[in-house]
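Have your viewer ready and let's walk through some charged side chains together. Each stop tells you what to select and what you will find there.

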Amino acid sequence: MWLQATLLLLASCVPSSLAIYFDEVNHVDYHHALLGFPSPQSTFFLKPSASSHGSLLYTLSENSLLGAVNPKGGFLLWRQNLSRTALPVDSNAHHLLRASEGTNALVSALGDYLSSWTALDGKLIWENWFVDETVADLELLELEDATASPSVKDTVALFGGKAAVVRRLDGDSGKTKWEHFDESGDIPFQISSSSTEVFYVSLQPSSRKGYRIKVTSLNPLNGRQTQQHVLNSESDVTSADSVLFVGANTAAPFIAWADQSRKALKVNVIGTKQVQTFDIENTSGESIRSITVHAPKKLESLTHFLVHYETESTTWAEVYHINLKSGSVSKAYDLPRLEGWSAFSTSNKDANVYFTRITQSETTVVSSASHGILGRWTHQAPPMEQALHSVSEVVSKGDTVAVRSAAVLASGDWQLIRNGQTEWTRYEALTGAQAAAWVEEDTQEDLVHQLQVEGHESLSGAYLHRVKRHARDLQHLPEWLKGLPKRILTSILTDEVSNLDGYGIVKPVLVAAENGRVYSLDAGNHGAVVWKVKAAEAESWNVKAILTQPGSATIYADDGSSVTLDASTGEILERSPATVKIRSVAVASDGTSPVTVGIQENGVPAEVVNGPGFFVTLSDDGSVLGWIASDNQRPAWQFRPAHGEKIIHATSRPSHDPVASIGKVLGNRSVLYKYLSPNLALITAVGENSVTFYLLDAISGRILHTSFHQGVDTTQPIASVISENWFAYSFWGDVIDPSDAKGYQLVISELYESSIPNDRGPLGSASNYSSIADLPLPHVISQAYIISEPISHMAVTQTRQGITVRQLLCTLPKANSIVGIPRPVLDARRPVGRDPTANEQEEGLFKYNPFLQFDGKWYLTHGRDVAGIKTVLSAPTMLESTTLIFAFGSDIFAIRATPSQAFDVLGKSFSKLQLVLTIVALSIGVAVLAPMVRRKQINTIWKATS
Amino acid sequence: MFISLSSIFACLILSVPALATSALTITIPPSNLLPNPNALPAVSHATLTTISSSAFASASKTNSHLTAPLSRSATFTFRLPPSTKPESYLLDIRSPEFVFTPYRVDIAADGSILGVWETFRGNPWDNRGVEKFVLTDVNPDVNGALTGSDLSTVDVNIEAKILTRRGFYEERSKFSPLALFKNPMILIALVALGFTFGMPKLMENMDPEMRAEFEKQSRTSPISGATRSAMSGGGAPGNFDLAGWMAGATPRPTQDVEVSTSGRESGGTTRRKG
């Protein structure tokens, strides 16, 4: 205990003025808490508990994230990642989410993992998993008996695996109440329940082609089979996808399927043997592309359902009623055929059922009982993007209705439309962000050009040119003067970012998402999407890099193709076709402009660049290759790790990595010179329970330093970064020797030219050196810390001159945060086992402690839950104190960080109003006192002499 | 006790494969830092971590990193499946705002919990702290296998301890008039202002005898003399040797002071009369 306390005390000794102020939250940072593409069958509006007023929007997304969204405003209330407890989810696993009104419980299933969560705050009620079985379907039992208390609903789940199993799980503990095994080998398909029975629907392969639908009725109390019948559907049903719908929890659950030519719709009310056939009236002349059935899911609702037909260009729907007594199905009415797409959704209000239809121009609501339109709202221009599916909530008041629908758009965005008005849009497609880059604005471009002209002209010509340029600039003066009062006023009253626009701190960010779309996020406006375009020609792409030029950006995909976009509008300027499959994109310089070179999978540069430069590439057979830019035939050098090791990561110093000082001044005024080589590469190679970090010289391929660690869990993240004259890495270190510690480790190593202060080693202050001949080795000082969190990704903050203290940006995947550890804390020269001497104290060194507790103030994400970050980028701004940080992966998070405080900007704490008031008060004081003093002085002189 | 247990681990590798799983439940009790554990956010979770032997990487993946989400009763529950060999896990409890003590959890190959101790980060793993739970009714037999009737059904419940609360935000000094008045410069200015305006009024309201007395006194006291000289308009303070006075050199300057004050005194009185 005392130990921990001292550690915390030590951590608090560090200069603590790094954190952001509470009132700056949402000004300097923004965060898109995303869920991913909402699954069609697992998204709904739900009143979380009986006492709550409004309903929330729940979804289990295709990224296995379960979350609750407030329909007012569209912000996330809570979320849980369901894949974390299960093994890697296979792609065709069912994402199932069920809930019952007013029970404050959701039940979800993914793969073999079943869990129940409180609807209000997302805490676990129970979890259970069944090894080697996958959940095929899930329903909540809505029994009308008195044995089950109304606040808890049991779950019936259907499992596939070696044998099909139906289990009833307790609603409080998740324990199995009964099991029903089906070892017939039929494909477990769906489960459905009425108020008195549980129906287990399976597909029985027929001797010829196709499947017969087998319905088994089970007693919900003990799971015993009560009856079983088989429907002759083998001519129609060729796969599980052929069955359109198995109705759940309505008073009369039913099965619907269509014949293969999509000419007839067949409906069976579960529990009966009768199959009713309806002709599909298709007068469009086009073939039907899809048929969807929408039915209410509540027990008390009317037994009506809607069948939605879709052809290439038109959609229409039919509404059917089921007669509860006779079990017969009849067609009630048609909804008209309309051009374009439609998205239908069902909602209940007590027993009444409403169908909502969203088209690109309007939203309409009809009652299931009659075809009269209850509400019609026209959407604002422009026409709405295609919605794939939607959920709706209808409120009726007398004759009028109000509706709000959450529609999932083809672009992956999630939009809430209330009475035809778009309330909010969640850009869920950003979950799959693959690359991002800051836009370079082209405002300075013209000036640069002008200055170039001046540089090339004669003295007088250049002078004239400059005078003319300044004269031309005068035309902006009236405009500037006009804006001046407003600027002064706003700068006093608010501290908005707009005043700092010119310093490049609100640069928009381009993000390339997995679904082929590119988004532009406005940093000045809480990261709102300015524009989005579909830049890929295919449905998805794998973006390797985004490179920005002033005014435009080029996106490189892994098939060797590239797209150039206008950075301010998103307009596609240029497209280059696919060539060879590439692993990464390298940037070289051919003298004037940067040139990009794709690196193929085998590590060979795809093309030759004229001019100096070199590449270091990773090949797929696990070696590192060094290339001269002008030769892509033979590598200049090749590096293979020790036998049994595999290279997992390679990193180099960032392209923009300015060094403010070439040495480190010690307390006694002597200097330790930094080993600064621009050609350093840090290679991570893992063996079985070991990791080796190789520091290479990228020109010659020579190993400069090696560090080897045993007892490393190679399945846990191993992150590394290199900058300036230091590198850092992190891994899980386990106990090898009894005196070892167990936990995540963070190692920092600093490179110096010599171990002796004021000594520059063999090279001295030579301005030239050769990597090939006599390259001196660095003097390396390392220190390791135990940390409490795994680190999945590392980056370093970048500022314009590198004067500001650097922060090591670590992504903490378990804590869903990004932490910026100040470099002075990670000084490898901290004294071990003794207190620092006066000289060391002067340097800012303090005693080494093996445990590094992350101070809350280092958390750049502060109170936010920033999940699934894969990459963190940092960019300098025109202000030395300020660095831009952008993190993407699953969520999107960006912040403007000031690692050494905002020393070149007046922050919010500087109250301009107070300054003005003080000056005014002083002026008044002077004005009042001056005459008094003057009178007194005159009086004194006169009266003293009299 | 510990030594005997650690010797068990060494020979547990060959112990009998048990079937049932045991459960480890961590409860968060109300404490000063966190009076209501139900207020913890849903992202809070606990993890059990140890090295995964890469030979069984795919099979043991679930066993080497276990995660338990926060339940609605503010607990974390791990179901511990049997493993191929005994494991020693690091138990971390993670919540955005709170820092919890880490624990060491030793688990036998059959999934039963051998012991739970507090542990100290950055210390040797054998350096254990407070014992939270230890399986007592177990005696290793000759082969090192555990004997005990229903060993694997032991469910363990321990309480988590909060170490500290993380402060994410920097406090901004707020503008308040009170803080302004706490500033010594402002206070001095105010006192001086008070003297400038208040003193003459005070003097006028005194009856003439007291005033004479006061003036007499002030003439003898260098301090009040200096104050008065400053008050009366700072006309000619040049004669007052401030440095000398502050240095405590009394005898010589007193004379000077007497001269100067008397001179100004008359001025002051005449003004008041006129």
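A salt bridge here is a side-chain nitrogen of Lys or Arg within 4 Å of a carboxyl oxygen of Asp or Glu. This is a predicted model, in which local features need pLDDT of at least 70 and side-chain atom pairs count only at pLDDT 80 or more, while totals for chains, interfaces and linings use all residues. Residues are numbered from 1 along each chain as its sequence is written, chains are lettered from A and ligands numbered from 1 in the order in which they are written, and side-chain values use heavy atoms, leaving out hydrogens and water.

Over all chains, the structure holds 49 salt bridges.

**First stop.** Select A:Glu724 and A:Lys674: their side chains meet in a salt bridge, 2.7 Å from N to O. A:Glu724 sits in the loop between strands S53 (719–723) and S54 (726–733) of chain A, and A:Lys674 in the loop between strands S49 (671–673) and S50 (680–687), so the pair ties together parts 50 residues apart in sequence. Strands are DSSP runs of E, at least two residues, and helices are runs of H or I, at least four, numbered from the N terminus. Both A:Glu724 and A:Lys674 are buried, meaning under 20% relative accessible area (1.4 Å probe, protein chains only).

**Next stop.** Pick A:Arg823 and A:Glu750, whose closest N and O atoms are 2.9 Å apart in a salt bridge. A:Arg823 lies in the loop between strand S59 (817–822) and helix H5 (838–843) of chain A, and A:Glu750 in strand S55 (residues 743–752), so this pair ties together parts 73 residues apart in sequence. Both A:Arg823 and A:Glu750 are buried.

Key: Buried means under 20% relative accessible area, exposed over 50%, partly exposed in between (1.4 Å probe, protein chains only).
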